[in-house]
Amino acid sequence: GLFLSGGIDSASLAGVVAKVYQEKELHTFSIGFKDKSNLDESGLAAVVANKVGSTHHKMTLEAIDLKNNFDDFIQAIDQPSGDGLNSFFVSKIASDYVKVALSGLGGDEIFLGYRYMKELFRMHEMERVFGGKNLIKGLSYFSKFGLGRSFLYRSGLRFAQLAGKTDKECYEFYRSLRDPGPVSLLFKITSRTEFGLNNIVEPVLPFRTKLSVEDRLNRLSKAELSFYTTNMLLRDADATSMASTIELRVPFLETKFVQDALRIKSALKIKNGGVNKPLFVSALQDFIPKEVLSAKKKGFEMPVGNWLKARFENELEDLKNINWLDSDVVEKELFEFKRDQRNYLKVWSLLVLKKWLEFYDVEIIQINL
């Protein structure tokens with residue numbers, strides 16, 4: 001079987017698998033949403049399934065499904081995490097038909113498919129073309145204001161906030177859910193502990209490696225593989241798939257394939273008139289339907305923010321009453337969420353943490369150090 005999101009990675013994987021194993025039945029699995037979310041790629045997944053001739057299975061979800069399955073999800077992930085919900089649901093469908101399933105996880109990490117990687121590539125190109133960093137420093141002025149930050153984000157110039165930052169600081173900016181300052185304010189149980197990616201991942205991140213300027217993105221790619229992919233994506237996908245007795249395999253992260261991909265100059269993997277992962281696409285375009293190639297990248301995401309607003313109002317309000325969280329900080333994060341449901345990750349992470357502690361009967365007490 002194969003998890004089919006409707007994106008380039010899983011589509012190409014489906015095409016290759018269907019060709020290699022022509023004599024075997026291929027099952028594909030996708031998720032759709034009843035609220036007509038713009039994150040719904042189930043239509044593209046169906047196009048891919050039709051092209052490769054797979055037996056296709058689709059699960060259509062809505063807010064009540066998250067509500068009804070929330071306890072099972074908490075039990076499945078083993079440890080608090082803001083990820084894994086998509087793998088949790090798609091594994092539930094797959095378990096009725098197969099015992100082993102393939103996932104396209106890893107394609108974005110090694111072929112630079114994330115939006116922030118394109119932004120940083122644009123920053124490096126701007127530095128190279130205009131000489132020095134004065135232009136970026138000038139743009140960074142706008143990041144001091146709310147409307148300015150919004151303009152920079154929509155224009156693909158969010159990197160202006162990173163003027164003068166090191167590669168490690170750039171990575172922390174894009175991969176941190178909260179800045180170290182707000183995290184320290186949020187948790188009242190600490191007084192001397194410093195939070196932040198720096199304290200957690202410094203030993204594994206490859207930023208001390210000397211690479212040429214054009215390979216800065218490959219350094220970020222290695223950081224993704226060392227930290228985010230290993231500690232969140234793979235761990236959560238493994239836990240949630242095993243909860244449904246599914247053995248999940250990730251062909252794009254096969255050792256030799258990753259090693260070869262990381263030897264390719266980053267500019268060759270990302271630069272090509274706006275096409276996402278151009279080198280990857282050029283190699284596998286015969287396996288990918290044109291509808292998928294022309295679609296805007298969405299990722300394997302779900303409308304969790306909309307679901308939280310629809311079904312978890314009381315649970316979110318209860319976050320303000322947790323004695324080890326600062327109610328003012330929680331109030332601010334709830335306000336940001338209510339203003340725009342796309343800003344759901346902070347409150348979602350707190351909701352998962354609270355529920356996980358309750359599920360395993362763990363009590364947090366305040367300790368003054």
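Modeller: A pocket is an open set of grid points where a 1.4 Å probe fits, with protein on both sides within 12 Å along at least five of seven lines. A residue belongs to the lining if it has an atom within 4 Å of such a point. The model discussed here is predicted.

Colleague: What is the volume of the second largest pocket?

Modeller: The volume is the space filled by probe spheres set on the grid points. For the second largest pocket, this comes to about 280 Å³.

Colleague: Which residues of its lining are the closest to the centre of the second largest pocket?

Modeller: The lining of the second largest pocket consists of 15 residues. Those closest to the centre are Val17, Tyr21, Lys24, Glu25 and Leu26.

Colleague: Which element gives the most to the lining of the second largest pocket?

Modeller: Helix H1 (8-20) and strand S4 (100-102) each supply at least two residues of this lining. By class, the lining has 8 nonpolar, 4 polar and 3 charged residues. The element that gives the most, with 3 residues, is S4.

Colleague: Among contacts between residues at least 6 apart in sequence, what percentage joins residues at least 24 apart?

Modeller: A contact requires heavy atoms within 4.5 Å. Among the contacts between residues at least 6 apart in sequence, the share that joins residues at least 24 apart is 77%.

Colleague: Is His57 buried or exposed?

Modeller: His57 lies in strand S3 (residues 55-61). Apart from residues up to four places away in sequence, it touches His27, Thr28, Phe29, Ser30, Ile93 and Tyr97. Its side chain also makes a polar contact of 2.8 Å with the side chain of His27. Because the relative accessible area of His57 is 11%, this residue is buried.

Colleague: How many Å separate Met59 and Phe89, C-alpha to C-alpha?

Modeller: Met59 is also placed in strand S3. Not counting residues up to four places away in sequence, Met59 touches Ser30, Ile31, Gly32, Phe89, Lys92 and Ile93. Met59 and Phe89 are 30 residues apart in sequence, and their C-alpha distance is 8.2 Å.

Colleague: How many of the 10 residues of H4 are buried?

Modeller: Helix H4 spans residues 85-94. Its buried residues include Phe88, Phe89, Ser91 and Ile93. H4 is mostly covered, and the count of buried residues is 9.

Colleague: What is the distance between the C-alpha atoms of Thr240 and Ser91?

Modeller: Thr240 has its place in helix H12 (residues 216-242), and it counts as buried because its relative accessibility is 0%. Leaving aside neighbours within four places in sequence, Thr240 is in contact with Phe73, Ala76, Ile77, Gly84, Ser87, Phe88 and Ser91. Thr240 and Ser91 are 149 residues apart along the chain, and their C-alpha atoms are separated by 7.4 Å.

Colleague: Which residue is 13 residues from Leu152 along the chain, with the two C-alpha atoms separated by 8.4 Å?

Modeller: Leu152 is placed in helix H8 (residues 146-154). With a relative accessibility of 0%, Leu152 counts as buried. The residue that lies 13 residues away along the chain, at a C-alpha separation of 8.4 Å, is Leu139.

Colleague: What is the phi of Asp78?

Modeller: Most residues other than glycine have a negative phi. Asp78 is in the loop between helix H3 (63-77) and helix H4 (85-94), and it counts as partly exposed because its relative accessibility is 45%. Although Asp78 is not a glycine, its phi is positive, at about 70 degrees.

Colleague: Is Lys277 buried or exposed?

Modeller: Lys277 is found in the loop between helix H14 (266-270) and helix H15 (278-284). Its phi is near 50 degrees, a positive value in a residue other than glycine. Because its relative accessible area is 3%, Lys277 is buried.

Key:
Residues numbered from 1 in each chain as written. Predicted model: local features only at pLDDT ≥ 70, side-chain atom pairs only at ≥ 80, totals over all residues. Heavy atoms only, no water. 1 Å grid on protein atoms, 1.4 Å probe; cavity = no way out; pocket = protein on both sides within 12 Å on 5 of 7 lines; lining within 4 Å. Helix = DSSP H or I, 4+ residues; strand = E, 2+ residues; numbered from the N terminus. Nonpolar A, V, L, I, M, F, W, Y, C, P; charged D, E, K, R; others polar. Buried < 20%, exposed > 50% of the residue type's maximum accessible area, 1.4 Å probe, protein only. Polar contact = N/O pair within 3.5 Å; in protein donor to acceptor, adjacent residues only side chain to side chain.
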